[in-house]
Every structure is written in C-alpha cells, then in structure tokens.
Amino acid sequence: MRKTLPALVLLGLLGACTSPPPEAYVAGANSLDPGEPAGQDSRGEACLMSRGAAPRSDLPVLRARDIFCGGYTQPAARVAELRGPAEREDLMRIATGGLWRTALDSRVAACAAPQETRVAGNRPALLLSCTRRNGGWPHVALVAQGPEGPVLADGVPTVLPVIERIAAGQAPASGGAAVARSAALELAAQRQAAAAFGANEVGGYERLMALGRALNQAESFAAAEDAYRGALAIQERVLGAGSPDTVTALMHLALNLSNQDRRAEAEALFARAAALAPRAADPVATIRLRHYRGLHELNANRAEPALALLREAEAGYATLVPPALLRNTTAEANLGPVGDAVLESAILGLAEVWRSMAAAVARGPEPQRAAALAADSRSLLRRTGLEQGLTAGRGLRSEAAAAASGGRQDEAAQRLEQAARRFNAAAPGERPEAVTLFLAGRTRAELGRGESALQAFRTGAAILRARQIALPVEVVMPYLDTLHAAQLAAGPDGGAALRREMFSAAQLAQRSGTVRFVQLASARIGAASGDPRVADAVRRLQDADRTLRDLYADRDAIPPGSPAAQALDRRIADLQRDRAEAEGEVAAAAPGYRQLLLASVDADAVTRALDPDEVLVTMLLGRDRGYVLAMRGDGRVAAHRTALGDAAAAALVQRVRAGMEVQGSAPGSFDTAAAAELHAALLAPLSAAMDGVQTMVVAPDGPLLGLPFGLLLTGPADPAALGAAPWLIRRHAVVHVPSPQTLVTQRAAGRGSSAPNPYRGFGDFAPPSAAQLAATFPEDRCAADARLAAGLGRLPGTRAEVLAAQRLTGAAPDAVRLGTDFTGASLRQARLDQYRVIHLATHALLPGELSCLPEPAIVVSAPPGARDASAAFIRASEVLGLRMDADLVVLSACNTGGPGGEGGGEALSGLARSFFYAGARGLLVTHWAVDDAASALLVADTLRRQGAGAPSSASLRGAQLLIVEEAGRRLPAAFAHPYYWAAFALIGDGRRAAAPTRTASVTEATRL
C-alpha cells in the first residue's frame, strides 16, 4: 500500500483540474519530444531515433537509442554507445562473447562469424549476418569503433545506413522525406498506449494525455484516440473502476471517436462520462461534458442541439471567470499570465465554446453574430496571454468563416492567409494547414484570383499526399472547379496537364471504408511476392490490428473494472505483445509493406496500371455538382463537370432499382428514361475518350455505388423491347473498383492466385427449423426477425448452379458442399486458400434486414441436432478470419453488392468487404435478389469463359450478353429485363484469368 498511495493521490489530482480541454489549447505540447530525425534507411524511408533501454553490457552504456523507420511502431534497430576501449581486439571480444552477445543470441537463431569492415570515417567494425528466431528473416548486428568507445547495434538490414551514421557520430543525411511532427507523435502514442494496458505508471498517464492533446490539435484523431485510450486504461487501473476522476480522459476519448464519425461509440462513452462528471474533483468536468457533447452534435451537423449545449457550457464557464474578463472583450490590453489552473481551463473552454458557436451560427441566418463570437474568442485569449499558434490559427479560420458567410470575401481571404501562416509556424505540414490552404484557395477563386487559388490548393495538396490525409468532398470540390475553369480556358491541347491534375486532385477526397479493406489485402499480396511465409507474417499483423480494434470497442461497452473488463485488459495486453512481435517480423520480412499500404496514387501510377484498351472512369459527387474523369492507358485524361449532385443521382438510382423489385412473379417495369439520363449525365460527354475501349473500369461515388453500370442505356429504349436496347454492356466490359488507388495496388501486386485447384462451391443450404429459429430470435424481442428468417426458404436452383460450375471448371466432385453438408464448419475447414474460384450460392442478410443480427451474414445449414439457428449465420466478422488465395469469389446471393442506392452508401456491403480482406482479388456480387435459373446460367457461363482463358471482366460481359441476345429465342423473352442479367457486378481486378480448363458449349450453358 505504501507504494501505491502516492500514485493514487497524484493521479487523482491529474484527473481533476490540471488539463485544459484538448480542443482549446495544447498545454506544453511544444515540449513533447517524440523523437529526433535519424536520416533515411536504404529504402529511402525516413527514420526517427528516441531514447531506448540500455542493453546488457560489460562496459558502461553512455546512450541507448531505438531507431524507427517507415512508420513502424517496433524498432528497426537498437543502438548503444559505450565508454571503454574500442580497438580491433576489443571489438572482437564483444562480438564473440560477453553480455551483449549473449542477449543477441537469445533473440536470433544464428549469426555467421564476424566479418571485418569499415564504417564512415574509416573506423573499424565487425558485421554479423544473422537470422531472426521468429520467421528466420535476415538480421544484422554491428560492433564498431565510435567516438567515445564501442558502438553496438542490431536490426533489420535496411537500417544499416542509419546505424553507420550513429556509430560514426555523424548528423543525419539531408534530403528525402522528413518525418512530420504529427507522424512522430503518432508513433510515440502508439508505442506508449500499447504498454498502457499492463502498466500502472502515473508518468505514462501524463505523457499519453499530453500526446493526445497534441495529436488532437494536429487533427490526427485516430492517433489521439490511441493516446487517450491508453491514458484511460492506466487511470482506471490506478484509481479503481468507476472513479469519477477518470472522466477527463473518458470525454477526450469520446470526442476523438466522434471526430472520426464513430458516433455510436462516442455516445456510449459520453453516457458513461455523464454518470461520472458530477462527482469528479475537477469543477470544470460537468461544464466540459456539455461543451464536448455540443461539439459531438456539431460533428453530426445538428446545429440546434449543438447550440443549446454550447450555450449551457458558455454559462457554466462564465461562472468560473471573473466578470472583469467578460466585459469589454474587444479591448486589446494584455492582462498577462492567468496562473490558476481552474481559471485557465475555464477561459480556454469559454473561448473554444465561442469559436464553436460562431461555426454553428455562421450556417444560419445571423452571420454578423458569428463574426462577433469569433472576435470575442480571440480577444479573450489574447488578453489573457493564452493565444498560442494552433489556437490562433483556428480562431482566424473561424473569423474567416464568419466573414465569408456575411459576404465579406476579401476579409475572409485575409484571415485565411493569416491562419495558414500561424498553422505553418506552429505545426508545419499538418492537416490544419492543409485544410486552411484549401479554404483559402476557394476564397481566392471566388474573388477571381484563379492562379493564386491554384497555388494555395497545390500547396495544401502536397501536404495531404505527404501525410496520407483525405478531406471531405465539399472541401476538395472547389479545387476541381478551379482546375476545370483553367483547363477550359487553356483549350484541348493546353489543358492536358490541368486535366491530369484534376484526376489526382479527385483522389484527395475521402473515400469509402471498402478502400481500406482492399488495400490491406492487396498490400499483403504485393509484399509477399509469392512467398507464403511473408504473406502469413503480414496477415498476423493485420489480424492483430483488427482484433485490437474489436477488443477496444468491446471494452468501451462494458463497466470498467468488472471481471469482464479486467479479462479484456489482459487479452489486450497479450495481443499488444503478439502484435509487436508480428510487426517486427513484417519489418524484417517485407520492409516495403507499409509503402504498399499507404502509397498515394496519381495520374502516372494509374496510367502504368491500365492496358491500352482500358479506360478508368472515376467520379466525385458534391451537393449540387460533380466531376467525371476518364483516363486512358496512354495518359490522356478527359474531364466533365456534371450538374448531377448527390441527391439527384440518388433519385435516378432509386428509379432504376425500383424496376428490380419483383411484383408477383415478375420484376417491375424498367425505367429506361432514368437509365439513359444517368448515362447522359455521367458518361456520354466522355464518349471520345471511350473509343476503342474494351473494358471500362469505373470507380463510382455516393449513391452510384449501388448500381451495376452495365445496365445504363447509351440512348433511348422501348421498355417493351429491352432485348434491342442499347445497353452499356454492349460496348464495354465493366469492372467496378472502390477507388483508383485499389486498382493500382492490386495490379502492382502482379500475381494471380497460386492456389493449385480451380474451384470450390457451396449451395442448396438446409434452412433452420422453426424451433431453432425461435431459440435464436426470442418472440419478445425478435419476433419480426424470426418471421423473416423463416421465409428464407431453400434455394434448390443453387444445387444445379454449383454442380454446373464444378463441371465447367473441371473441379473434382468433392470440391462442392451441398444441402446439409454446407455448414459453417465445412466452410471453415475447406482450406479455401487452395482454390482459385470460390462460389457461395445462398441467401445473404444485410444490416437492417434482421434487427437482432447486428452484422451482415450469409446463411448456411445448421449442424444436425443444433439447439438453435445461430450456427446457420456466418457473420462478416467470421469471414474476416477465413484465409483465401482466390482470383474470384462468387457471391450469388441476395444483394451482396451494395446499399441499394439510398444515397451516400458504401462501395460494397460489409459482407463483400470481408471477403476482400480474407484474400479475394475479385468479387462477383449481386445488387438485388436474383432469379435462380438466370443466376445458374450466368455464373456457369462466366466460369466457362474464364476457364477458357478469358479475363473475368470479359467473361461476365459475354455471359450477360448471351442472356440478352438469347431472350425470346432459347431463353424466355422476359430474360431481356436487366433484373435477370444485370444484378451481377465484378468488383476488383477484372484482368485475372484462370488457367484453361474443360469448356462447355454455349448450347450446353443455355440448357442449365
């Protein structure tokens, strides 16, 4: 008890009143030292060095440093400088025996005999080539003569240049990419937060809170989340479960979740904070909670409740501030340092509340009120000596917004330029500066200063690319407007470079979560370069990251300090150690993995990825306008500004999809006018860029994500004669990609599946019994779900579909699982990474269809004798755990493709994204419930063509055209309706082609 009491007292004080709100001011942030530059490794990646733990050594250790390169959180190398003799025989003695060599041998499997060499400055050294104990990856160790004695180092081979410079006492080499301050802070936060779940150190809490504040100010919200989560874990462990003084870290964590649009998670934490704040020692806690909840409402664009909460916070902060400071707030007399922690926190909070209220009011009918609030906020901070660089920049940005809403564009431009200078001085090259530059560019463009606007946009874009940051569409759209006007003025020839810049600029807008899933899978494939051991190491790291996020979310949802929370903390601590080991293995085995994962994409990269007969079409929709850009393999870019915004596009998509709803036994009337209007608005103006194109790769945006583009009409059509309609699929094969970046990454990986077997199929599931469904969906809570699930009848047509696919691909008879053999266990035990094509023909359930099933799922047969139906639903989170090496996964179920066009949705359903992560290179998904007979024919004919050597894009197109052209001949006339043939869409790299296998004739296919 004697050792823990001071920690309890100190941490209680820290949790009370010494930390100002992170949105207002970064107290002491400039004193943080997350590391110093160490130059570049042999791959050209920037490295940092920070203080490390002294190794075991027979000589005194002067300095110990850990080297971090390429964004990895585990050291790429460890370097120690010793005091003592460093002649040749001394170095050999250290390299071949003693404490350091014993410690090295405990971490590596074996080292070759030391080789004599020289480092910079012609100093003698010994190099040891070793292999790591985990994974057998290359590892090096160096014993060198340093300025003050021996220098001992070991790490991955790519970091040798950095080790050599440190050993010689040289400054880091100049040139190349520097590590941004926020990147260094992120690294420090990740490392310290990883240790927090097994630590009781009060100092760790202080460091993590400081890191969280600094990262929040740099608008690096995900890394701030890590820091605050780690601080909260330490505080809960030391102060005890449910201590009211944990509320500060809890609120900061909640707000940073809200800043990432994770609002449901934020709500749960704010609810916990509401129960704690009234009992906290910090007199500002309850006020700050209203403040932060107001910011949370602003994040959701709910201005009225936001203003109500902010006014309550304003009144609360004002009670803690002397009335003299609240009067004459526009006076400029500086009152000097405040000197009182509670008063300082209240002043900072009040100033931030006024600034936030200005942002909310500026969107309404009183812009003059916004200007007064923004000015009052800055004045209060200046007069009390609390206006710092980042805070000043934010205040100036708020004043600019107020001026712009009042029509004072010149004043807005001036304030934004001042804000950009403040951000550049306080946090150069970070998100706040980039956002401000984009806002300045928009204002300059509105003033008719096009060249000056482009200068601001380009400077901001360079920051975004360097930091791998995306911005909201509406912030990026003015950059495209300005480039579009400039390229029109330059003419067809002079505007070529500007159109390529437009293509790159469009990639700066925030994209869907699907991009992340595909990037993870593609980077894993590319890093492996065909080596399954490397792929396995990367997969372990990715799985650890994914599982940690799930565990954090689980921990947020249960009472702190409960046995369940304590068990989760132990699991998190164990998994953090496993993750550290996995990351160290990846850094050694595939040092370029993070570059593959994070690499930005520009027009040149896309050009290299495209074939001569391909075009990539990418779209960006704003509120009232959009841009469509087409790039050919020769580098030409065509650009079109469309009047189609989000809402208008959503309305047209809904009209098209309405015809896919079955009425009785047949689909509804197809809206040919809507399908033609979409083509006219999006693609028709780019027709010249489509000449000679065999395959169109399209990256849709917003509501267009819920539509397979092959059913667009290139001209008028008679709804009664759809077999003769000018479908887009008649002109081009169509491949859908979540973004241009995912296409580039997938194709950079280069390799197709190395699986030895052609096909694995599952279908004709046996539905759960009524008793099993009742046990899974209780009548009192899930009665509607039970009724819906009971309607998921058997799909006998899928048996024929799977068997035909098995026959056409030449797969072995035991490559299929049908009926009661199609269970979750059979899917998990099927060694799916041994098959190039995986086929799942069954029902799928998406969020909203079953309220008691929280995530999407596919339906399989329940195990014989199962008490309930829970095993009959394979959830998306379970799919993530599967391991595949598939060129193509066919999900011929209901609506596995996307959201149905309700506007803004996702590029793929969560279910389909999970299959990408599991190892699919391409997905054949459905956008609506499919007809059994048409689905069987289309899947079989697609696989027949692919088996003959055609790429999957051309194979799907051929199968779809077969149905259209045979409708009314060897197929029913109704099959010309796109309900029967257009539901399937190919997502991913449509170039993959399986090795030729047995083929069947078209006649055989149409008899399926």
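These legends describe close-up views of helix contacts and aromatic pairs in a predicted model. Local features need pLDDT of at least 70, side-chain atom pairs count only at pLDDT 80 or more, and totals for chains, interfaces and linings use all residues. Residues are numbered from 1 along each chain as its sequence is written, and side-chain values use heavy atoms, with hydrogens and water left out.

**View 1. Helix H15 against helix H16.** H15 spans residues 389-405 and H16 residues 409-426. Their axes come within 8 Å and cross at roughly 165°. H15 is therefore roughly antiparallel to H16. The crossing is left-handed. Helices are DSSP runs (H or I, at least four residues), and strands are E runs of at least two, numbered from the N terminus. Axes are lines fitted to C-alpha atoms, for helices over the stretch in contact; angles run from 0 to 180 degrees between N-to-C directions. Under 35 degrees counts as roughly parallel, over 145 as roughly antiparallel, 65 to 115 as roughly perpendicular, the rest as oblique. Left-handed means that the near helix is turned anticlockwise from the far one by less than a right angle.

**View 2. Residues between H15 and H16.** Contact means heavy atoms within 4.5 Å. On H15, the contact residues include Leu 390, Arg 394, Leu 396 and Arg 397. On H16, they include Glu 411, Arg 415, Leu 416 and Phe 423. By class, the contact has eleven nonpolar, four polar and six charged residues. Ala, Val, Leu, Ile, Met, Phe, Trp, Tyr, Cys and Pro count as nonpolar; Asp, Glu, Lys and Arg as charged; the others, Gly among them, as polar.

**View 3. Helix H18 against helix H19.** The axes of H18 (residues 450-467) and H19 (residues 473-494) come within 10 Å and cross at roughly 135°. That makes H18 oblique to H19. The crossing is left-handed. Gly 450, Ala 453, Leu 454, Phe 457, Arg 458 and Ala 461 of H18 meet Pro 478, Tyr 479, Thr 482, Leu 483 and Ala 486 of H19. These divide into eight nonpolar, two polar and one charged. Phe 457 and Tyr 479 also belong to an aromatic cluster with Phe 438.

**View 4. The Phe 777 and Phe 873 pair.** The whole structure holds nine aromatic pairs. Rings of Phe, Tyr and Trp (its six-membered ring) pair if their centres lie within 6.5 Å; planes under 30 degrees apart are stacked, over 60 edge-to-face, the rest tilted. Phe 777 and Phe 873 sit edge-to-face, 5.9 Å centre to centre, with 75° between the planes. Phe 777 lies in the loop between H29 (770-776) and H30 (779-790), and Phe 873 in strand S22 (residues 873-875), so the pair ties together parts 96 residues apart in sequence. Phe 777 is buried at 2% relative accessibility. Phe 873 is buried too, with a relative accessible area of 2%. Buried means under 20%, exposed over 50%, partly exposed in between (1.4 Å probe, protein chains only).
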